[in-house]
Amino acid sequence: MTVTEDRPSYKWVGTRPIRHDGYDKVVGKARFAADLNLPGQLHAAILRSPHGHARILSIDTSTAEAMPGVKAVVTAADFPALDVGNPEHDVAMNLMARDVVLYVGHALAAVAASTRAEAQAAAAAIEVEYELLPVVLSLDESMADGAPLVNDDNRTAFSGSDEPSNLATVTPLERGDVDGAFEAADLIVEREFDTAWVHQGYIEPHACVVDVGADGKADIWASSQGHFRVRSQTAAVLGWDTARVKVTPAEIGGGFGGKTTIYLEPVAARLSEKSGRPVKITMSRDEVLRATGPAPASKARIRIAATNDGELTAIDGWIGYAVGCTNDMAGFIGAMSVASYRFPNLKLEAVAALTNTPKSAAYRAPSAPQAAFAIESVIDEIAQLLEMDPIDLRLKNAVVEGDPTAMGSPHPRIGFVECLEAIRDSDHYRSPVPEGTARGVGSGFWFNIGEQSSATVNLNEDGTATVITGSPDIGGSRASMALMAAEELGIDVYRITPVVADTESVGFTDVTEGSRATFATGMAVVNACRELIDQLKTRAATILGVEADAVDWVDGAAVAEDKDPLPLADITAKAKSTGGPLTVTASLNAGGAGPSFAVHCCDVAVDEETGQVTVLRYTTAQDAGTAIHPSYVEGQMQGGTAQGIGWALNEEYVYDDDGTMLNASFLDYRVPVASDLPMIETIIVEVPNPAHPYGVRGVGETGIVPPMATIANAVSRATGARLTSLPMSPPKVLAVLDDR
Amino acid sequence: MRYAAPATVDEAQTLLSDNPGSQVFAGATDLVPQIRAGRPSPSMVVDLKRIDRLTAVTHEGGQWTIGAATPTADLTRNAEFTAAFPGLSEAAGLIGSDQIQNRSSLGGNLANASPAADSVPALIANAGQAVIASGDGTRTVPASEIATGPGRTSLAEGEFIIEFTLDDPPAGTGDAYLRMIPRTEMDIAIVGAAVRLTIADNAVSEATVVLGAVAPTAVSVPDAAAALVGASLNGGGFDDATLAAVADAASAACNPIDDKRGTIAYRQRVAGVLAKRAAAVAAERAQNGA
């Protein structure tokens, strides 16, 4: 670990206790979404479109309804038709097609029956008449003149136009004199890139159990990245008051952005309402791959101008994202991703366009990896042509506090330079490149966000504490919340019980996205603890018989002059006589989420006869601000890197001409297996975020941004051939080597 | 679907003849996923692993007998077997994961008739013979004659493989199996190549080259074998011309398909690469063992 700035010394923050939920997870006691079963529960199956784009002429469910065990059948007719402008219109349309199916796998009916087999048989017996419509599968097809419309409901966002369009967003950015800079340049490198659709690949398929009672209230048990969003989306899709819906968060088996939206809960709710029984829906892996959000495929053209001494003077680029069947902010977000270097002159257009493929969903730093692959590859090529060390080139141009982001506003305090220096000074980078291998570097960042969080901290009679939040624990956040509370209160971390509570037992908390949980929910915990400490000091003053402002809080005890320290447990024991229970709820809308930068370095070997790339050594340095629980920071760095290596080397959706995914299983959609990866070495860089009481920066997403370029840059140095198309699968690598 | 676990070959034959539509299984590592993927369930499944003869491994009188349902983990763990047939052992050890290895078998791998079956090219390269329960008795055919196309075999209704026999390799023999997968495990071969060769007087006297995953069944490549026979080993390895001839013959023998796992051109190309590399490994083993 590298600590780059002075900071207070902490007793608990920065330590590595065993996570509070570890035992349950190790022994299999933890309950994930599919683990709940209720008495009388029905199982549901979903009928999905076999066509990439078709009008639904008729749906006949009469045969299915009469089949054995069938208790309820629903179609879009069972849901309110939301207006096109409704924020949840696309979610509603995606979980139950109305009039038109937009991709192979699009749900259009669901059956609840006594057994899963009965439900599946009945779903298969639903008769649907389709009128086939043209299928648009790629960015080029979508943006071609006269292209058929992917989705009649789509309007280009921010355009003001009410005309249906295949364009989701168009985001132009410009500053300085780009043409002049290219004319004056010593060196110009221009390349085109493309990347494939990739899935988040969480191990736990989507699942839920929903019980709608005779009073019309829905009890939902589901795994998600935010149960308050499950509640709001479910209520919106059903046209219900939010108060009718209670969501209890199950443990989550991975989300990576893909569980920030819903697919099943309103369907299960309607089936439960119609049948009067609890309804369980569990997706198969095949359904997960065919019908839940991948990250967009992309194309890019990037041109960068440089001087002979390595100053990057201008960037001119275009990046396009194929976002699937509904509008998506991928292009808008992607436009922000060019902010790692100063680029005095910049012209960039980022576009997102629709395709007849699944509605894309967030995936770890959504849209940044595609852009970083292109830009970091071109920058590496400039370093090669200038014969400059690729880290020196980046150091020369890296943004620091005050430099403009892509949108023009200044960067806050950031740690890009510190991460570059950490890799430059690492054992890995300083060691000779082994014979038969080559080394690449790459970088990336993610802005992170704050948003709304709530936390309740209850002090118990014996001085233990319960910390209740509304952020699902997707990356060790229970342990992080407990560590921050332990630091504030001055008690042992194991005397704190961190709890993730349901939507009726904790204040509103936004979905976990933008790496916000430890930052924003952690800040709510700290605020609640600080308010509790104020109360504790007041209670202590009463007990000690001193003025309240004469009491300090030091190391878990109230301290006043000429008095023995009064430990927390002695105060909570007297809560009844000093004013009642000690409990505080803090809520906030957090600002100031600091960007997290990372720099990666890897050694690869390329089998020039088969095109196979093997990653032999990998090191990542990332700015965590302050690592609350370093093991889980390292886990996020390693996990993001592993997913990035998969994106780089083998992961891709393979479609036939009609939009049917041909590799909808983990056998043929090739995420890396353990033996594919070296130990991913981690260097935590700590440039504290001034906006957080402990300096936290979210770390969950940045790790997936640099790997694709890092590996491509190493392959380029190994072979002399520039890889510009992902995945760098063996056949594609071999073809590029042939063209050298 | 009914389940039966006979204790003898006779019992199994009776069950199969009395129950039309029944199907045997050994590890069920193909059968269960196929049923889950929607293939119609057999009326009865007959578990062959409870028959002692089908999981016995013996080495007597210059011949190995391998029960067709023997877990491949038992073969890869068997030091004497692995020393005799290192290529077949390593091929058997590539089927699925460690957990699958405790269930998967040479008989199941062959009778499932996947063109990509890992153990089949090495079994054929070692001239394995299949002893088949047939009617009231048995018949014996070369392992190469079992699979006739993807998912299709020459086994008649009610027939199943009891065991394989392999003659002790002559002195100076080595075998090897290599496969191409885009990952390092948990994947299915895009190309597989098995080579067995025997070296006498510093030159190849016999050779067999068999490819997997590049045609509807595993294919022997006599031209590649011919390129090896007579080749001398100067200082240990084959010369470039020999290796190039092996690779060219292997590539030419491919009749692959384009699918989600690999393209025709890539499979042809890599079949040549793996054939020459397997030949080099087999030669090294032949020399070290000699």
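1. In this predicted model, the secondary structure of chain A comprises 21 helices and 29 strands. Among the contacts in chain A that link residues at least 6 apart in sequence, 80% are between residues at least 24 apart.

2. As to overall dimensions, the C-alpha trace of chain A extends over about 85 × 75 × 50 Å along its principal axes. Of the 740 residues in chain A, 57% are buried.

3. Helix α12 of chain A, which runs over residues 390-397, has as its buried residues A:P390, A:I391, A:L393 and A:R394. These residues lie on the same side of α12(A), because the arc that they cover around the axis is only 160°. In general, an α-helix has 3.6 residues a turn, so residues three or four places apart point the same way.

4. The largest nonpolar core holds 324 residues, and the members that touch the most other members are A:A44, A:V111, A:A485, A:I711, B:L211, B:A250 and B:A275. Helix α11 of chain B (residues 264-289) gives the most to this core, contributing 12 residues. If residues up to four places away in sequence are left aside, A:A44 touches A:A110, A:V111, A:A112, A:A119, A:A268, A:L271, A:V279, A:K280 and A:I281. As a general matter, nonpolar side chains in soluble globular proteins tend to be buried together.

5. Where the two chains meet, 17 residues of chain A are in contact with 16 residues of chain B. On the side of chain A that touches chain B, the residues comprise 8 nonpolar, 5 polar and 4 charged.

6. Chain B is divided into domain 1, covering 2-167, and domain 2, covering 173-289, and the centres of these domains, taken over C-alpha atoms, are separated by 25 Å. The contact between the domains of chain B draws on 23 residues from domain 1 and 24 residues from domain 2. On the side of domain 1 of chain B that touches domain 2, at least two residues each are supplied by α5 (86-92), α8 (119-125) and β8 (147-149) of chain B. That side of domain 1 of chain B divides into 15 nonpolar, 6 polar and 2 charged residues.

Methods. Residues numbered from 1 in each chain as written. Chains lettered and ligands numbered in written order. Predicted model: local features only at pLDDT ≥ 70, side-chain atom pairs only at ≥ 80, totals over all residues. Contact = placed C-beta atoms within 7 Å. Nonpolar A, V, L, I, M, F, W, Y, C, P; charged D, E, K, R; others polar. Domains from an automatic or database assignment. Helix = DSSP H or I, 4+ residues; strand = E, 2+ residues; numbered from the N terminus. Buried ≥ 20, exposed ≤ 12 C-beta atoms within 10 Å, placed from the backbone. Arc of directions from axis to C-beta. Core = buried A, V, L, I, M, F, W, Y, C linked by C-beta atoms within 7 Å.
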